[in-house]
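Please read them with the structure open.

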There are 2 protein chains.
Amino acid sequence: MPALSPLAPDAFPDLPVIDGARFASAQAGVRYKNRTDVMLALLDPGTTIAGVFTRSATRSAPVLDCQAKIGGESGEGAAIVVNSGNSNAFTGSAGQSAVDAIVAAVAGATGIPAGRVFTSSTGVIGEPLPAQRITAVIGDLVASVSPDGIHGAAEAIRTTDTFAKGAAARIDVDGRDVRIAGIAKGSGMIAPDMATMLVYLFTDAAVDRALLQRMLTRQCDRSFNCITVDSDTSTSDTVLCAATGKSARIDDDNAAAFEDALGRVMLDLAHQVVRDGEGATKFIEVAVTGAADDKDADRIARSIANSPLVKTAAAGEDPNWGRIVMAIGKSGAQADRDRLTIRLGDILVAENGWVALGYAEADGAAYMKRQELRIGVDMGLGDGTATIWTCDLTHAYISINADYRS
Amino acid sequence: MPALSPLAPDAFPDLPVIDGARFASAQAGVRYKNRTDVMLALLDPGTTIAGVFTRSATRSAPVLDCQAKIGGESGEGAAIVVNSGNSNAFTGSAGQSAVDAIVAAVAGATGIPAGRVFTSSTGVIGEPLPAQRITAVIGDLVASVSPDGIHGAAEAIRTTDTFAKGAAARIDVDGRDVRIAGIAKGSGMIAPDMATMLVYLFTDAAVDRALLQRMLTRQCDRSFNCITVDSDTSTSDTVLCAATGKSARIDDDNAAAFEDALGRVMLDLAHQVVRDGEGATKFIEVAVTGAADDKDADRIARSIANSPLVKTAAAGEDPNWGRIVMAIGKSGAQADRDRLTIRLGDILVAENGWVALGYAEADGAAYMKRQELRIGVDMGLGDGTATIWTCDLTHAYISINADYRS
């Protein structure tokens, strides 16, 4: 296992108990030894579920299965089963058979209909998933579910993650305490195109499925779709959100506050994924303003955030703003060299088509030694804005990915 | 200087003398010490010149200047001056002033009109170009031009290149010997969007400017636009082709043979740039067939060739074909998991949506130890084809780019 990311939070947060949701984890030995690798979440009847999935054209069997089920009826309970170590992606017809076997085992052990059992798998692509190792532990998982098992669940879904990821929020709705708790895994193969990792969100609010889906999709676009580690998109990425309905009902009158809280949890998890970017030593915010429109701003921010040359400069603590200019230039967005302004944090680095008067390289170099960097670009053209989060590209990224399977 | 690329050719080739073209190089001390860093090519009256340039929105002053001049009249001689060490990009209005100073010095020393003096600069972005260091050596350069100075010119334009790049072809046109010789520099910031490095091509053929431009543009699309090292696009990239008119005339009747030879020289140079990719240890050909159309094939091939996960797997000699599936899936092109075929060289790795029957991981692992790799993908959908060349992503890439300026 790689060493803990230097950008990791101090500890896994205390996540609130979500009434109606229980969790368990187990060692199934799918691929890893001496660690948990399967989690189960059981959700009470009345739970609504929304989901956002990878747009990859080669998405995995579990993703296809989840997508087919996500619009289904919600009167009954539900279950989510997730394994690490093997993604069950590009495994031909055997992929769906493995999903079916796991779903059947959970349905049999819990009485939950198969159409309400959602599975995810994460890990190596293209190797058959030994489903029987998972089905063998379903009984134990069902027997051991607990309202406070969510931390264990977050641990079980890790692959190259150096820390388990959790976040939570609480809001008051009509005098009732509404809770949101989320867990995530992800540290590489992270790119900004629809859901980009495994994320499970739980709330005790009562939310109609359609409303929950709208809020989840919108907040994905502002969180998980705004981060990038290596520009690669997984075949397995999934965001599921379950609302158990035990607390206050969310409707048009109070949806904004709930969605805001949900969005904060999602952004917190998204930032944690970047902080665990494979080999990351710098957390980088790229904020673009003044672009011709939001779409152009997004292009520019992603072009900077995905540039290997910008990311290696950050790793080397080099205030090489010329590479930022390069990345703006190649983005395809409208740009006028002489209207550009580039800042590192609060330091004005370049404007009027050249290095800023008064910019001292020593200031830029000192700034780059920080763990948290902010690259600010104003295009001077219009009102378009976008913010993307990423990390640096280091030797450790190469080491992790050059021998991930061995 | 980094060590010589393990993928380098054995030696710089013997380039034929091009009648009407003379070359010189000198130590101007723009940035580097104890090496040549400026080259001059002088071209006889009657030379036609065509050019292809980076599409970056933040292109450098020399690129903008070349673009403005490229369609000009050709009755007079011409000159090309190139420096390494500083790209004169994002240097505000001082950028054009530096170009003007160099152009004026060459025009003054040679009598060639300023509108026929082309300059290029390559190196660090955003620092003022000390033009006076270049103008100070123009007199010496003009005094020392020689028909066989082209190897020296190729050496002078290197930046992080570990070897000088040259290629040549000769064809018979109506009993006359027509020669083409080219030099190039480039090893990083190489991406497949229009010209992607500095390339200078010289021929003694007589070719109308418009025809020369058409052939050059078409062959760029088949050579320099089909390679990628790090997906980054330089602000300075330039391909110039000069035809001195001393040998046979190229017209519609014999243009095909000439263009074919020109294309071979360009592809040879393009492959050399990949072989000198920063930190490269593997030369990788990605060949896609059976895509819905050529555009989709191109998308898929570039998605694979630019994937950091595919490139690190190559560096680790890991036959991780699951990452190839991932890269196909994220490309945005039409794909059907169950119709895909993936090959490593001649080894059938995956088909029918899964690992191929008879594929042995040991065979894949043995194949990946080669220096020259071929990833073959057949989409099973249509007639679209594309081939892209790239290299692996290694620790040395990080080392080179994390401290390029220091």
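1. Helix H6 of chain A is largely enclosed by the rest of the structure, because 15 of its 21 residues are buried. Buried here means under 20% relative accessible area. Bear in mind that this is a predicted model.

2. Chain A is assigned two domains, domain 1 (21-273) and domain 2 (283-402). The C-alpha centres of domain 1 and domain 2 of chain A lie 33 Å apart. Contact between them involves 12 residues of domain 1 and 12 residues of domain 2.

3. Between domain 1 and domain 2 of chain A, about 970 Å² is buried, and carbon and sulfur atoms give 58% of that area. On the domain 1 side, A:Cys226, A:Thr228 and A:His271 lose the most area to domain 2, together 49% of what that side buries. Strand S10 (227-228) and H6 of chain A each supply at least two residues of the domain 1 side that touches domain 2.

4. Which polar links cross the interface of the two domains of chain A? Three residue pairs are in polar contact, both residues of each pair being at pLDDT 80 or more. The count of salt bridges across this interface is zero.

5. The contact of chain A with chain B takes 56 residues from chain A and 57 residues from chain B. The area buried between the chains is about 4,900 Å², with 61% of it given by carbon and sulfur atoms. There are zero salt bridges between chain A and chain B, while seven residue pairs are in polar contact, both at pLDDT 80 or more.

6. Which elements of chain A each supply at least two residues of the side that touches chain B? Among them are H2, helix H8 (308-315) and helix H9 (321-330).

7. A:Gly115 sits in the loop between helix H2 (92-110) and strand S5 (117-124) of chain A. Its relative accessibility is 37%, so A:Gly115 counts as partly exposed; that class lies between the cut-offs of 20% and 50%. From A:Gly115 to A:Val377 the separation is 262 residues in sequence and 48 Å in space, C-alpha to C-alpha.

Key:
Residues numbered from 1 in each chain as written. Chains lettered and ligands numbered in written order. Predicted model: local features only at pLDDT ≥ 70, side-chain atom pairs only at ≥ 80, totals over all residues. Heavy atoms only, no water. Buried < 20%, exposed > 50% of the residue type's maximum accessible area, 1.4 Å probe, protein only. Helix = DSSP H or I, 4+ residues; strand = E, 2+ residues; numbered from the N terminus. Domains from an automatic or database assignment. Contact = heavy atoms within 4.5 Å. Buried area = accessible area lost by both parts, 1.4 Å probe. Salt bridge = Lys/Arg side-chain N within 4 Å of Asp/Glu carboxyl O. Polar contact = N/O pair within 3.5 Å; in protein donor to acceptor, adjacent residues only side chain to side chain.
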